[in-house]
Amino acid sequence: MTTPEAEPEQGGAPRPEERLEQAVRAAEQALIEYEIALETFRVEVENFSRLHEQRLGPVYARLEELEAQILEARAARSGDPEDRRRADEARARLMPIPGVEELLHGWMDGDGLFPEASAMLTDQAVRPPKRVRPGEEARRLYRELARKAHPDLAQEQQERARREEFITRVNAAYARGDEAELRELAEEWAAGPALERRPSRGEELYARLEWLDRRKELLTVLAKELEESAIGAMLRLAPDDPDRLLEEIAGQLAAQVGEREAELAGLLEQ
């Protein structure tokens, strides 16, 4: 018994150009979804990096200083040139005390010192950086705007430039977790000119698919770099509760500081 052939769709089989258009649209949407996920992860990595540096940076610095002091104490006791070399190398790895210009570099703008710099120079408590983790509504607005206004949906250079300028503002608002600004941007886009898609020829569609594929390969490399970075790897250990992970690491580092301090005290007493 033979299997009957599939009936052709009503109205006849789609033209090759129509199938290509469907493939291009599917590839465009898949690429946009991938870029949305990548941008979200990049924001999370950037925020976690800032918190990691502020919370644990001083502890790492203390450990490095203790390590240098321990090596110096050992070299002083032994008089061994090799011990002295290791101590000198450890001390050289520590960042020197910066001069005034270096201290202020990156801590002031046209309006003067940043609040954090003023606090440091006046021995006041440094206010921790604001935690920026876009909420669900911000994520929803961002995804909606990215799908509608993404530059990859443009067929003309002028329209692409308009979309690139707009999506840059969208990305900035999303990085700040600013839901109000994202809503305003959504209203602005809805009131803007609508893009009329012109039918594409087969050759243009093939070229479009090739470009989308190359773009996906580039984004895959960027995603891998983020995931394999030190901060990205740490964040993936506790994506839903990064604060807890920081507290665990802080506890481990505090224990190491205690051990190094005890070791140094023992060397200095002998």
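This is a short tour of one predicted protein model, stop by stop.

**Before you start**

Residues are numbered from 1 along each chain as its sequence is written. Because the model is predicted, local features need pLDDT of at least 70 and side-chain atom pairs count only at pLDDT 80 or more, while totals for chains, interfaces and linings use all residues; side-chain values use heavy atoms, with hydrogens and water left out.

**Stop 1: confidence**

Colour the model by pLDDT, the predictor's confidence in each residue, from 0 to 100. The protein averages 77, and 76% of the residues score at least 70. Select residues 1–9. Their pLDDT is below 50, and the stretch has one contact beyond near neighbours in sequence (contact means heavy atoms within 4.5 Å). Now select residues 97–114. Here pLDDT stays under 50, and the model has 16 contacts beyond four places in sequence. Where pLDDT is low, the predicted coordinates should not be read in detail.

Which helix has the lowest confidence, and which the highest? Helix H3 (residues 100–104) is lowest, at a mean of 42. Helix H7 (residues 179–191) is highest, at 89. Helices are DSSP runs of H or I, at least four residues, and are numbered from the N terminus.

**Stop 2: aromatic pairs**

Rings of Phe, Tyr and Trp (its six-membered ring) pair if their centres lie within 6.5 Å. Planes under 30 degrees apart count as stacked, over 60 as edge-to-face and the rest as tilted. The count comes to two aromatic pairs.

Select Tyr142 and Tyr174. This pair is stacked, at 4.1 Å centre to centre with 15° between the planes. Tyr142 is in helix H5 (residues 136–149) and Tyr174 in helix H6 (residues 157–176), 32 residues apart. Tyr142 is buried, at 5% relative accessible area (buried means under 20%, exposed over 50%, partly exposed in between, with a 1.4 Å probe and protein chains only). Tyr174 is buried too, at 1%.

Next, select Phe166 and Trp189. Their ring centres are 5.0 Å apart and their planes at 40°, so the pair is tilted. Phe166 lies in helix H6 and Trp189 in helix H7, so the pair ties together parts 23 residues apart in sequence. Phe166 is buried at 3% relative accessibility. Trp189 is buried at 14%.

**Stop 3: Arg163**

Stay in helix H6 and select Arg163. Is Arg163 buried or exposed? Arg163 is buried, with a relative accessible area of 5%. The backbone oxygen of His150 lies 3.1 Å from a polar atom of the Arg163 side chain.

How values were computed. Helices (H or I, at least four residues) and strands (E, at least two) are DSSP runs, numbered from the N terminus. A polar contact is a pair of N or O atoms within 3.5 Å; within protein, one must be able to donate a hydrogen and the other to accept it, and residues adjacent in sequence count only if both atoms are side-chain atoms.
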